[in-house]
Amino acid sequence: LMLHFFSSSLSLPGNTMMMASSSSYSSSSRSLSTTFMTMNNKKKTNTSTAPKKGGFGRWRTTRTIFQTTIMRAKMMMKAEMDDDLESRRHHPQRRRKNISASFSTRATKRSASLSASSSSEDENTNTNYNNSSSSSSENNTRNTDNNENNNTTNNDEFILYGSQGSRSPLINWYLYEKEVQFELKEPRDVSNPHPFGQVPALRHKENVELFESGAILLYLADKCGELKSDEAKANAYSWVLWANASLDPICFKEDINGRVIDTGIKNETKGMRRLDDVLSKREWLSGDQFGVADVAVAAYLLYVPQFFQGVSFKRWPNVAKFMGRCCSRDSYAKAFGPRVQSYLIGELMKDVDGN
């Protein structure tokens, strides 16, 4: 009877599954109660072996199975929703229409300009076609030039190799922040340029291949025009390399096999104390505006509460506020998902409460 109940509850999604659980629980409780009443009337049994009164919740083994079943069902639904969100994120034709008002406005303007240009080209083509054959050859030349330009644009596209469960979303974060178009490919793709077959890795144009998140971020920052001055370059190089070399070992403690087993954020550290002092005097590490240094540092910090739930940043209130400002950005939600963003904001609000 219990196996039949759990198999039927797993096949129902969402609220329907919970309703089915309630109805199945009621019927099973009545059936079991009747059975035990009959047994007690016919023959006295040892009451210590009979289930305790109070219903479903008091049977420890059954309750554990029920909770495990619900947890697995929720994980399956979450995985399906995350896969659907990831598909919409990297396929513009599948995105929701109301992701962002700014994107919608930009898309409308772009569509209008393309429509106007295409209509004018059609009118010119018809006129030239009716006037002379030489004009037709000029149109063919113009189309050839346009095709060459399109090929050049495709060659200049950024191709990112990564997955949602790796560190590659921090690269997505920066690309979304700068509104740079890119193509996402799986880590096992044969064109992955990483010499060790890992992620993240980046391919740009025909001959540019990069690996390691810090190197990729600095390359993208340079291409996006963020590192125009020597001061900007020095600041970005310093913080990005510090994040990879010094902050990473604080956030993630590994065993001899390279597996993460704990975090140093549980205890006071010199590096975190110094970072909190720096952030007490400025809003962003990149300067007056959010930039690549903030992505590099905040990405590592924001991974900690995701992997180690319950870890607090109350010791460093300025760091906690900085993390909250970073994960509240729309580009972070696009890269890591709105659920992750909502969870992090809730956790960080607890840390900065009263500060």
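A disulfide is a covalent bond between the sulfur atoms of two cysteines. With a disulfide taken as a pair of cysteine sulfur atoms within 2.5 Å, the count comes to zero. Cys326 is in no disulfide, and the nearest cysteine sulfur, that of Cys327, is 7.6 Å away. Cys326 is buried, at a relative accessible area of 0%, while Cys224 is partly exposed at 30%. Here buried means under 20% relative accessible area, exposed means over 50%, and partly exposed lies in between, for a 1.4 Å probe and protein chains only.

The model is predicted: local features need pLDDT of at least 70, side-chain atom pairs count only at pLDDT 80 or more, and totals for chains, interfaces and linings use all residues. Residues are numbered from 1 along each chain as its sequence is written, and side-chain values use heavy atoms, with hydrogens and water left out.

The chain has 13 helices and six strands. These elements are DSSP runs, numbered from the N terminus: helices are H or I with at least four residues, strands are E with at least two. Of the 355 residues in the chain, 33% are buried. A contact means heavy atoms within 4.5 Å. Among contacts in the chain with a separation of 6 or more, 64% are between residues 24 or more positions apart.

A search of the whole structure finds 12 aromatic pairs. Rings of Phe, Tyr and Trp (its six-membered ring) pair if their centres lie within 6.5 Å; planes under 30 degrees apart count as stacked, over 60 as edge-to-face, and the rest as tilted. The pair Trp173 and Tyr332 is edge-to-face, because the ring centres are 4.9 Å apart and the planes stand at 85 degrees. Trp173 belongs to helix α6 and Tyr332 to helix α12 (residues 330-336), so this pair ties together parts that are 159 residues apart in sequence. Both Trp173 and Tyr332 are buried.

Trp284 and Phe322 form another edge-to-face pair, with centres 6.4 Å apart and planes at 65 degrees. Since Trp284 lies in the loop between α9 (270-279) and α10 (292-307), and Phe322 in helix α11 (residues 317-327), the pair ties together parts 38 residues apart in sequence. Trp284 and Phe322 are both buried. Ring pairs link Trp173, Phe252, Trp284, Phe290, Tyr303, Phe307, Phe322, Tyr332 and Phe336 into a cluster.

Two arginines sit over rings of this cluster. A charge counts as over a ring if NZ of Lys or CZ of Arg is within 6 Å of the ring centre and within 35 degrees of the ring normal. The charged end of Arg325 is 5.6 Å from the ring centre of Trp284, and Arg329 is over the face of Phe290 at 4.1 Å.

Strands pair if DSSP finds at least two bridges between them; β1 (residues 158-161) and β2 (residues 182-185) pair in the parallel sense over four bridges. Leu160 has Leu184 as its bridge partner in β2.

Helix α7 (residues 213-223) is largely enclosed by the rest of the structure, because eight of its 11 residues are buried. Its buried residues, including Ile216, Leu217 and Tyr219, pack against β1, α6, β3 (201-204), β4 (208-211), α8 (230-251) and α10. Just after α7, Gly225 takes a positive phi of about 85 degrees.
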